[in-house]
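Open the model in your viewer and keep a selection tool at hand.

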Amino acid sequence: MNSKDIIKMNNDLREELSEENKKIYEDMLVYIRLNANKSEQQTEEVLLELLEHLLQAQSEGKTAKDVFGDDFKVYCDELIEEIPGEKKSQALLFGSYIIMHYLAILSTFYGASSFLLHQFFDIGSIEFTFSLGSGAAIILIDLILLYFFIKVVFRWMKGSTFREKEIKKWVEFLQIWLICVVFIGLSLAVTIFMPDFGGPISIPVLTFVGVGIILFIVSFVLNKKYRITK
Amino acid sequence: MSLRSQLLKGVLEGCILSIIHQQPTYGYELSVKLQEYGLADVSEGSIYPILLRLQKETLIQGTMQKSDFGPKRKYYHLTEEGEKALKEFIYHWENIKLPVDNIIQKGGENS
């Protein structure tokens, strides 16, 4: 059974948990799933086992503490340590999918908005001139920023599990908003402050839309074939 | 980790291999069997990290199978390496069980 099918099963089964158990289990689920370098298949298989175990225990009147011990976080850490790492090929596939998708969005959006701005408001140019060197450097730095952005968001989500006291919704919103603002700001700053180097090239802005669509199609086909996200 | 839990872990691994050897078993069933045999001290959830480790060491293998009633479950069975590991465990256990019992009994008499 593929990990995606197991996730679907988990989503359905989880509804049978009591209010209290559901909260505990979903914290464990988030905490364990956020370990990006672990095998997804093994992670989902053990998560489903824990869920079925907890459901059984629940029907016999046992609590989550009876099953997992007093400290859920310690228990999860013990589990995570034993989950094998993701296969290199799988990790590479997932990484390239994320990168392609990210570049597809950036490229399409940039190309389309430049074209429309020029067409309707006469702002900017239909040609985009950039230096090969700095262009490549910008993409590279943006991808590195994306990597750290994902890391920070994962850490933030991990921190949101197993809280004794509930944190206010607007504080959570403010935190994630700040993280996003810093990420977007830094990504833009790179484009603005990058000095020109390497030979300049001029290409029509619509090329970006074309490149973006090709990237979308490739990532879509990859996803269909290897079931990366679904 | 304390000596006590290390000792328990090794013994527990052997017991789990032995139960799976008798017949393919899934997680919950395994924990019930362990408790039925009297290992009530072992918290139910503690078998899952061990099951993961035994899989990593390819001593056991899990397959998702439809159970007689209810949803698909992950049933574990021993691999060839697992059979070998179980034999080794039994051998070591047999060798250590009697001497340890004797030592403890002697100690008990003196105190």
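Select Leu79(A) in this predicted model. Leaving aside residues up to four places away in sequence, Leu79(A) touches Ile32(A) and Val46(A) in chain A, and Tyr48(B), Pro49(B) and Leu52(B) in chain B.

Together with Leu79(A), they touch the most other members of the largest nonpolar core, a set of 40 residues. To display the elements behind this core, select α2 (19-33), α3 (40-59), α4 (64-68) and α5 (72-82) in chain A, then α1 (3-22), α2 (27-36), α3 (47-56) and β3 (72-78) in chain B; each gives two or more residues to the core. Which element supplies the largest share of this core? That is α3(A), with 8 residues.

Now turn to the contact between the chains. Select the 16 residues of chain B that are in contact with chain A, and the 20 residues of chain A that they meet. On the chain B side, α2, α3, β2 (60-66) and β3 each supply at least two residues. The largest share, 5 residues, comes from α3(B). Colour the chain B side by residue class: 6 residues are nonpolar, 4 polar and 6 charged.

Finally, move along chain A to residues 91-112, 132-154, 174-195 and 201-222, which an unreviewed UniProt entry annotates as "transmembrane region". Take two of these spans in turn. Residues 91-112 of chain A are 100% helix and 0% strand, with end C-alpha atoms 32 Å apart. For residues 201-222 of chain A, the end C-alpha atoms lie 31 Å apart, and the span is 77% helix and 18% strand.

Note on methods: Residues are numbered from 1 along each chain as its sequence is written. Chains are lettered from A and ligands numbered from 1 in the order in which they are written. This is a predicted model: local features need pLDDT of at least 70, side-chain atom pairs count only at pLDDT 80 or more; totals for chains, interfaces and linings use all residues. A nonpolar core is a set of buried Ala, Val, Leu, Ile, Met, Phe, Trp, Tyr and Cys residues joined through C-beta atoms within 7 Å. A residue is buried if 20 or more other C-beta atoms lie within 10 Å of its own, exposed if 12 or fewer, and partly exposed in between; C-beta atoms are placed from the backbone. Helices (H or I, at least four residues) and strands (E, at least two) are DSSP runs, numbered from the N terminus. Two residues are in contact if their C-beta atoms, placed from the backbone, lie within 7 Å. Ala, Val, Leu, Ile, Met, Phe, Trp, Tyr, Cys and Pro count as nonpolar, Asp, Glu, Lys and Arg as charged, and the others, Gly among them, as polar. UniProt positions are given in the numbering used here, feature names are shortened, and annotations may be inferred rather than shown by experiment.
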